[in-house]
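Please look over the sequence and the model shown below before reading on.

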Amino acid sequence: MSVPSMDDDFIYSDATIGDEDMFATGGASQLSIFNSEVLQTHIMQFVDEVIDDNLALTTLSQETLPDIKLSLPSALNPTGKYPSADEFCHEDVSCTVVPSSKQGSGFIYSQQLQKMYLKTDSICSFDVKCELLGSSLTPRDWSVRVMLVSLAPESQHEPIMRCHNHLAKDNGPERVKKYVVRCKNVQHEYVGEANGPFFEDRCAVLVPLDPDELSVKIMLQFVCQNTCFNVNQRRTALVFTLENSEGLVWARRVVQVKVCINYRRDMQNEENATRNSTTNLSCLAGPSSTGSNGAMTMARRRNKTSFTRKRRQPVVKVEGTAGSGPKVMRTTATTTASFQPLPSFEPCLVEFEMPNIRMAKRVMDNAIGMLSMQVLRVQGDRYTTDKLMEYINNIRTKRDMLTAYNSQCSVDSDLLNI
């Protein structure tokens, strides 16, 4: 039997047969007819087997479920993805990461904020403990990857790189100069590049787990401050990922960190800010601020200083009937005394020292102004008015006893001469 040669005629005829099989409307070739008969035969045999009640289909048992679950590593594979700051733990694994000490030389941990504050070149440690719950997982060749990432979602695709200032002063080995986080463990490995975009490309440190205890204490050192990074990258966190020998991530734990100069002061400031914001939110959520009335009350309190008090104008009433001569205009003076509470008198003597005479006279002027406002409010009560004027005259006498050249104190208003 002769084998046809691979010439142009053969290629053309093969292409022609393929075209006939796909687009022939009549007069199909023998090859296409043969393939159609074979395909039809196999289809009919498959239909007969499905209709047959004696056919036993393969069923899934509970023993095969773990194998199927572990055969899908894509769900745990971080390759080609940006680092994540969301905590995660597989159902077959238990993993915890806690600081070894809450306070030490150059660092302090805030239990309220769950955040580590430390200064550059200081060393802090974290205890990593794991437990493998799946029966098919073997406690061998497991490691923990430690990576510094930004907590801002818009900056997680950008790697955190060292600043030029600290990089120029670094006298360490050339291969580790690009790493912001240094590891002081005996067994560790630096991986990644300075400008790696994805998870497997970022600068990080790999520390193996003890195969017997499945735990490790990781000692870390930071050689750059948070202010060295870009503005959007200054909220940082350490991401601890539990990985097996295949590079699959089975757990992810996140610990916020801030590298600064005065770490104790920064911790206290952030704790106070968080506490104050929580207090303000609780006040806003109180019964006085719920509903339309509460919102109006809060708005009044917020804009209290922007309102200008105005005296109520006299109400004019017109009496008389049409055609009965001139109308009589009667004015009814209304005051605010009907709804303003009367001041209570509890005489007290205040003695204090001021920086200079000019400032002391201004304080007295403010006191005279406050009492004068009370006088205007209680004009209908002669007794209260006399008592307030007595206090005003006393303050005036004390003020006049003070002499200051080029005094810029405000003069009394004409309303006080009553």
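## The open sheet

Strand β8 is joined to β11 by 3 bridges, and the two strands run antiparallel. Within this pairing, Arg182 stands opposite Gln221 of β11. Strands are DSSP runs of E with at least two residues, helices are runs of H or I with at least four residues, and both are numbered from the N terminus. Two strands pair if DSSP finds at least two bridges between them. The model is a predicted one, in which local features need pLDDT of at least 70 and side-chain atom pairs count only at pLDDT 80 or more, while totals for chains, interfaces and linings use all residues. Residues are numbered from 1 along each chain as its sequence is written, and side-chain values use heavy atoms, with hydrogens and water left out.

The pairing of β8 and β11 belongs to an open sheet of 4 strands, in the order β2-β6-β11-β8, with antiparallel pairing. At the edges stand β2 (93-99) and β8 (181-183), each of which pairs on one side only. From one strand to the next, the twist averages 30 degrees; axes are lines fitted to C-alpha atoms, for helices over the stretch in contact, and angles run from 0 to 180 degrees between N-to-C directions.

## Strand partners and faces

Strand β6 (residues 123-132) is joined to strand β11 (residues 215-222) by 7 bridges, and these strands run antiparallel. Ile123 has Gln221 of β11 as its bridge partner, and Asp127 has Lys217 of β11. Strands of a sheet pair through backbone hydrogen bonds, either parallel or antiparallel.

Strand β6 is also joined to β2 by 7 bridges, again in an antiparallel arrangement. Here Thr96 has Lys129 of β6 as its bridge partner. In a regular strand the side chains alternate between the two faces of the sheet. The covered face of β2 carries Val93, Cys95, Val97 and Pro99, whereas its uncovered face carries Ser94, Thr96 and Val98.

## Salt bridges

The structure holds 13 salt bridges, each defined as a side-chain nitrogen of Lys or Arg within 4 Å of a carboxyl oxygen of Asp or Glu. Side chains of opposite charge can pair when their charged atoms come close. One of the salt bridges is formed by the side chains of Lys115 and Glu270 (3.2 Å, N to O). Lys115 belongs to strand β5 (residues 115-118) and Glu270 to helix α5 (residues 263-284), so this pair ties together parts that are 155 residues apart in sequence. Lys115 is buried, with a relative accessible area of 12%, whereas Glu270 is partly exposed at 24%. Buried means under 20% relative accessible area, exposed over 50%, and partly exposed in between (1.4 Å probe, protein chains only).

Asp266 and Lys258 also meet through their side chains in a salt bridge (3.6 Å, N to O). Asp266 counts as buried, at 11% relative accessibility. Salt bridges that share partners join Lys115, Lys258, Arg265, Asp266 and Glu270 into one network. A further salt bridge links the side chains of Glu174 and Lys177 (3.3 Å, N to O). Glu174 counts as exposed at 63% relative accessibility, while Lys177 is buried with a relative accessible area of 18%.

## An aromatic pair

The structure holds 4 aromatic pairs. One of them is formed by Tyr179 and Tyr190; this pair is tilted, with 4.8 Å centre to centre and 45 degrees between the planes. Rings of Phe, Tyr and Trp (its six-membered ring) pair if their centres lie within 6.5 Å; planes under 30 degrees apart count as stacked, over 60 as edge-to-face and the rest as tilted.

The pair links distant parts of the chain, 11 residues apart: Tyr179 is in the loop between α4 (164-169) and β8, and Tyr190 is in strand β9 (residues 189-191). Both tyrosines, Tyr179 and Tyr190, are buried.

## Surface and loop residues

Val350, Phe352, Met359 and Val363 make a nonpolar surface patch of about 360 Å². Patches are made of residues with over 30% relative accessible area and no salt bridge, where like charges are joined within 9 Å and nonpolar side chains (Val, Leu, Ile, Met, Phe, Trp, Tyr) within 5 Å. Accessible areas come from the Shrake-Rupley method with a 1.4 Å probe, and for residues only the protein chains shown count as cover. Phe352 lies in the loop between β15 (328-332) and α7 (357-377), and Phe352 is exposed, with a relative accessible area of 51%.

Ser136 is found in the loop between β6 and β7 (143-150) and counts as partly exposed, at 40% relative accessibility. Ser136 and Asp92 are 44 residues apart in sequence, and their C-alpha atoms are 9.5 Å apart in space.
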